[in-house]
Amino acid sequence: MHCLGCYGSIQEYSDRCPACGKSSALDADSYFKAGMELVASNVGLAIKLLQDCVQLDPNHQSGIYNLGIALALDNRYEEAVAHYKELLSISPNYPGIYTAMGQAYFGSYAKHKDIVNRRFTQSTNLLMRAVSQNPEDTDALFSLGNAYLSEGNSEEAIIWLNRALCVSPSSPAIYFVLAKALLLAGQEIPARDMASIAILIASKDEPYWNELQEFMDALEDHPRVAPEDSQAICDLDCENTSLDYNVSQISIAEGHVEN
């Protein structure tokens, strides 16, 4: 609980604030009113006072609703949703509750998407750093291709996967992921060729074997490329793919990595 005079902490149901000596308000409505007056200017304190409101009266519907609003304004979306759900259990038709909940869910999605984007950037920057140190780091090249494919960026994925294939032309996993990137880019015939090579050189013990077969089954019949032709395809890609990726400075989240 908090004093409505100095906003210092007081014991629940205490008659007087030990800090300022002001008499303590013990009704939920007083805390609701005080919290609402502070939402625009001090949302953190408003949250504390609205929390006091619903602590004094767990069924204070306006207090629960506006506590959720204040929490959402403070980017505490998951907590806001929890209070909205609590209010729904009391009053399923409370005005504005579904709009507020929808906005909170979207805010939570956007917040986590931003975190994911930052981590994606950090990850790819680190992998590019690895490639700048060793242009033939197959794992880094393949991981970059996978990362961009997961983001739906087929063009960038194809570039990195081609580079990985030039370094390791006998890797069925690279052919398979490259096939998926090509198909995403609308290049169906090259995608079939890459998947065909993967099928021919992969072991049935590979963890992706069933997925690879399903991928091939989903494509229309297309003449398979003989395994001995795989190097020719790789050579063609390598002729048009630079391995001199210049990374002079890479920003990584909270700091920088420099050459």
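Which residues are linked with D74 in a network of salt bridges? The network joins D74, R76 and E79. The model is predicted, so local features need pLDDT of at least 70, side-chain atom pairs count only at pLDDT 80 or more, and totals for chains, interfaces and linings use all residues. Residues are numbered from 1 along each chain as its sequence is written, and side-chain values use heavy atoms, with hydrogens and water left out.

A salt bridge is defined here as a side-chain nitrogen of Lys or Arg within 4 Å of a carboxyl oxygen of Asp or Glu. The structure holds 5 salt bridges. One of them pairs D74 with R76. The closest N and O atoms of D74 and R76 are 3.7 Å apart. D74 has 31% relative accessibility and therefore counts as partly exposed. R76 also counts as partly exposed, because its relative accessibility is 26%. For these classes, buried means under 20% relative accessible area, exposed means over 50%, and partly exposed lies in between (1.4 Å probe, protein chains only).

Another salt bridge joins D114 and R118. Here the closest N and O atoms are 2.3 Å apart. Both residues lie in helix α5, which spans residues 97–133. D114 and R118 are 4 residues apart, about one turn of the helix. Helices are DSSP runs (H or I, at least four residues), as are strands (E, at least two), and both are numbered from the N terminus. D114 has a relative accessible area of 38%, so D114 is partly exposed. R118 counts as partly exposed at 48% relative accessibility.

In helix α9 (residues 188–201), E188 and R192 are 4 residues apart, so about one helical turn separates them. Their side chains meet in a salt bridge, at 2.3 Å from N to O. The two partners fall into separate accessibility classes. E188 counts as partly exposed at 31% relative accessibility. R192 is buried, because its relative accessible area is 8%.

Attention now turns to L141. This residue sits in helix α6, residues 138–150. L141 counts as buried because its relative accessibility is 0%. Contact means heavy atoms within 4.5 Å. With neighbours within four places in sequence left aside, L141 contacts V131, P135, W160, R163, A164 and V167. L165 lies 24 residues from L141 along the chain. The C-alpha atoms of L141 and L165 are separated by 8.9 Å.
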